[in-house]
Amino acid sequence: MQIKQITVYGIRLPLKQPFKIAYDTYEDIESILVRIESTSGEVGWGEAVVDQHVSGETWRAARQVITRELAPLVIGRPIDSIGAFHSMAEARIRHNPSAKAALDIALHDLLARHCKVPLYSLLGGRYHARLELPCVISMLAPEEMARQAREACDRGYASVKIKLGDAPELDVERIARVREAMAPGVALRVDANQGWSAKQALQIIRQAAPYQVEWFEQPVSIENLDALARITQATEAVIMADEPIHGVRDMLEVVRLQAADMVNIKLMKSGGLHAARAMAEIGLAADIPCQIGSMVESSVATLAGAHLAMAHCNIVANDMVGPAMIARDVADMPGNETHIELSDAPGLGIWIDEDRIRALSTFEDRID
């Protein structure tokens, strides 16, 4: 059985409310969905959500890379050519991880559907019973962030993640106000999205010590892994690396430098499930727990990450909150706003609404 046709859709996913982080504010999400069809008529879905601040990709550039460089590599090949695809893709074009992730996810989904098993079965089998989701709060005034944290606790969330970094002089107050508003036992996590200098990070981490922050994510610039290592080694707080960690080589560098206590793996940074699984294995060997993160993706890429998180013992947390933030998704997520429960349905385990995709589409390309 071979790959017969690939269709590429460019869609805009409206957000329920603007999402502000240290380096940008988003009103909607630009997504590229990839539909792979085999000669027997089976279909697999993948997704690319770019972040030009992290991977250097843009929506339009990713479209060209997928349609002109990557999709032609798999037309006519067997449906289980995942490893071969990555070898060919790396030889064809450097970097562009989100574009590669779209094909990788679609190939995994197609193969799992053909085998009539849930995707997590191909990734090692079910390890976790279900995946608890955090409530993510974007950067706002301290009192508004506190109000939203209080509501999240009332709705049953077990953890709250707050975005910081636009005004370091306010960030300790934000942490304090949020912690004071939260119910006892609910975890508080902080993500600065590169918004602090090394000195600011150490100062804020020290001042925030009374507020029991579970971990601090990416306090400093993507370009400065040495500074992240200095912070990690200078404090007893748990430090998570995110934006600088794109693949297995970066994971090895984290291990070599002792640059982080945890790593946030994102399929859009790693090029998909193939490398992300290897990264989690490196973390396991080095005693570095991992989280599966998100670029605020639709249910397609979110569920791909969820299947990997479900299957791997070293993936201890997730940040797959895109569908909860999106006003109009392309499929219905399993579970509810506080957790994901995966069934034994084949592949990603969801039904994709192709009419909804076409209604959201800005462009459509076909490769055969």
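These legends walk through close-up views of a predicted model. Local features need pLDDT of at least 70, and side-chain atom pairs count only at pLDDT 80 or more, while totals for chains, interfaces and linings use all residues. Residues are numbered from 1 along each chain as its sequence is written, and side-chain values use heavy atoms, leaving out hydrogens and water.

View 1. Buried means under 20% relative accessible area, exposed over 50% and partly exposed in between (1.4 Å probe, protein chains only). Helices (H or I, at least four residues) and strands (E, at least two) are DSSP runs, numbered from the N terminus.

**View 2. C135 in strand β5.** Strand β5 covers residues 135-137. With a relative accessible area of 9%, C135 is buried. Beyond its neighbours within four places in sequence, C135 is in contact (heavy atoms within 4.5 Å) with A152, R155, Y157, S159, V160 and K161. C135 and L188 sit 53 residues apart in sequence, with 9.8 Å between their C-alpha atoms.

**View 3. Helix α2 packed against helix α3.** Helix α2 (residues 82-92) and helix α3 (residues 97-115) meet at an angle of about 165 degrees, their axes 10 Å apart. Axes are lines fitted to C-alpha atoms, for helices over the stretch in contact, and angles run from 0 to 180 degrees between N-to-C directions. The pair is therefore roughly antiparallel, the word for angles over 145 degrees. From α2 come I82, F85, H86, A89 and E90, and from α3 come K100, L103, D104, L107, H108 and L111.

**View 4. E364 in strand β14.** Strand β14 spans residues 361-367. How accessible is E364? Its relative accessibility is 40%, so E364 counts as partly exposed. Setting aside residues up to four places away in sequence, E364 touches T7, V8 and Y9. The C-alpha atoms of E364 and V34 are separated by 9.9 Å, although these residues are 330 apart along the chain.

Notes:
Angles under 35 degrees count as roughly parallel, over 145 as roughly antiparallel, 65 to 115 as roughly perpendicular and the rest as oblique.
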